[in-house]
Amino acid sequence: MPAARKALVIGSGIAGPATAMALRKAGIDAAVFEARPAEATSEGAFLTVASNGVDALRVLGAEKVLAPAFTTPYLVLRSGTGKHLGRTRTGIELPDGATSQTITRSELYRGMQEAAAARSIEVEYGHRLVSVEETASGIRARFGNGREVEGDVLIGCDGTHSTVRELIDPRAPRPAYSGLVGTGGYVREVPVDSEPGHYEMIFGKRAFFGYVLAPDRSVWWFANIPRTDEPSRVARGDGAGAADTAGTGADDDGPDGVRRQLIDLFAGDVGPAVALIEATARPLPLSPIHTLAHLPSWHRGRSVVVGDAAHAPSPSSGQGASLSIEDALVLAQCLRDLPDHQQAFEEFVARRRARVEQIIRWAARINSNKAAGPLAAAIRDRMLPPMLRLTANNKAATRQFAYHVDWNAPAEQRAG
Ligand SMILES: Cc1cc2nc3c(=O)[nH]c(=O)nc-3n(C[C@H](O)[C@H](O)[C@H](O)COP(=O)(O)OP(=O)(O)OC[C@H]3O[C@@H](n4cnc5c(N)ncnc54)[C@H](O)[C@@H]3O)c2cc1C
């Protein structure tokens, strides 16, 4: 008998549909509730699903969601002066040669929802969770629209600014502002000197610029800009990202203002940044990047958090989405095999915490390189090439990408 018969899954980004599908695979019913309205209006940013994420999707039987993605096996690092700092793999090759994949966020969200729908899992949109109440035999969720639903357990897949996390522990740490804001865009007909599928990463003098040539010759780019003051978050509600994609509120943070700021920031750097920015009709709104490095309580009573709600690495890790899918599988396994939800949640945390926190620490080091001052930048440019060589031969780095969930292995609670 599984530890629960019906789960209420809050949030339908990546972790939400993945968790519902994994639960269904484990014989547990799941209903998904999402705050956003159903229609997504923009493609939003793009992201990389690392080889461990591809593997986790395969275990889930949902690899098809990556059909619109393209392979991005390498990244090339350069300084703003054009110095080649190194080239490294974005992950490992799976036995059949598959490796990291890049996809727009909206396509990934849509693919996950379609894969869930194909398993008769419905997502109910326009349902923002506001409170929960434990009953004698289960848990009741209340939504902003007045609806109430009951289940045996409630799983918070509601992202970095999670409501479920706060309901579990009102004193839980808030996500920390990383000191960087992000933007990006898509451009056609600007030639760039790079191989398709190879990320080019430029540590510019004042900000960080990355781009990749897609198979259709369009260029997908992003920029990370150091900003000391944390810009305010505003709800964009376009379904293209975490619900709270942001703007700074300042007049010059509209598309034209963003473009002007970016051109100014990258004007002194070698590379195609300025040409790409000039050719982008609507750069994505500037969004503050938040991380959540350590959450003391991932669960309380019948509620638990997974994905970014439990641990939000910086986007520099390229791991947030992949870790969310891994979480989904491991939690479902624990609920499938352990006698009650309490033991299942404890075992879930025991299996996941060390891995995700190690990746978050590693990504934080990359972020500090992106925001480096002139002296730190000079040291970074000296140190990066030997560090990259070291990482390429480093077993710990390989383990990050080689993680595999053995779905058929029974989850047993560890002693102590
Ligand atoms: C700019 C940027 C670039 C990134 N690049 C990468 C990358 O290359 N590779 C990678 O692996 N990761 C990347 N990430 C991280 C990745 O996007 C996240 O790790 C991933 O989206 C986490 O999935 P999630 O389902 O936990 O949260 P989300 O995808 O944020 O989904 C949470 C969902 O919950 C909903 N929600 C929120 N509150 C409520 C509520 N109260 N009730 C109901 N629903 C609610 C939201 O509307 C949203 O749909 C990037 C992140 C950013 C910001």
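Let's start with a contact. Pro 17, Ala 18, Ala 20 and Met 21 in helix H1 meet Met 112, Gln 113, Ala 115 and Ala 116 in helix H3. By class, the residues of this contact are seven nonpolar, one polar and no charged. Keep in mind that this is a predicted model.

Now the geometry of that pair. H1 covers residues 15-25, and H3 covers residues 105-117. Their axes come within 9 Å and cross at roughly 25 degrees. Angles under 35 degrees count as roughly parallel, so H1 is roughly parallel to H3. The crossing of H1 past H3 is left-handed.

Where does Ser 12 sit? Its place is the loop between strand S1, residues 6-10, and H1. Is Ser 12 buried or exposed? Ser 12 is buried, because 28 other C-beta atoms lie within 10 Å, and the cut-off for buried is 20 or more.

Which residues does Ser 12 touch, leaving aside its neighbours within four places in sequence? They are Pro 17, Val 32, Glu 34, Gln 113 and Val 123. Ser 12 and Arg 36 are 24 residues apart in sequence, yet their C-alpha atoms are 8.7 Å apart in space.

On to the ligand. There are 34 residues around the ligand. Which come nearest? Gly 11, Gly 13, Gly 159, Gly 307 and Gly 320 do. H7 gives the most, with four residues. The shell divides into 14 nonpolar, 15 polar and five charged residues.

The partner is H2, residues 51-60. The axes of H2 and H7 come within 8 Å and cross at roughly 35 degrees. H2 passes H7 in a left-handed crossing.

Who makes the contact? From H2, the residues are Asn 52, Gly 53, Ala 56, Leu 57, Val 59 and Leu 60. From H7, they are Ala 321, Ser 322, Ile 325, Glu 326 and Leu 329.

To close, back to two elements.

Terms used: Residues numbered from 1 in each chain as written. Predicted model: local features only at pLDDT ≥ 70, side-chain atom pairs only at ≥ 80, totals over all residues. Axes fitted to C-alpha atoms, helices over the stretch in contact; angles between N-to-C directions. Helix = DSSP H or I, 4+ residues; strand = E, 2+ residues; numbered from the N terminus. Parallel < 35°, antiparallel > 145°, perpendicular 65-115°, else oblique. Left-handed = near helix turned anticlockwise from the far one by under 90°. Contact = placed C-beta atoms within 7 Å. Nonpolar A, V, L, I, M, F, W, Y, C, P; charged D, E, K, R; others polar. Buried ≥ 20, exposed ≤ 12 C-beta atoms within 10 Å, placed from the backbone. Near = placed C-beta within 6 Å.
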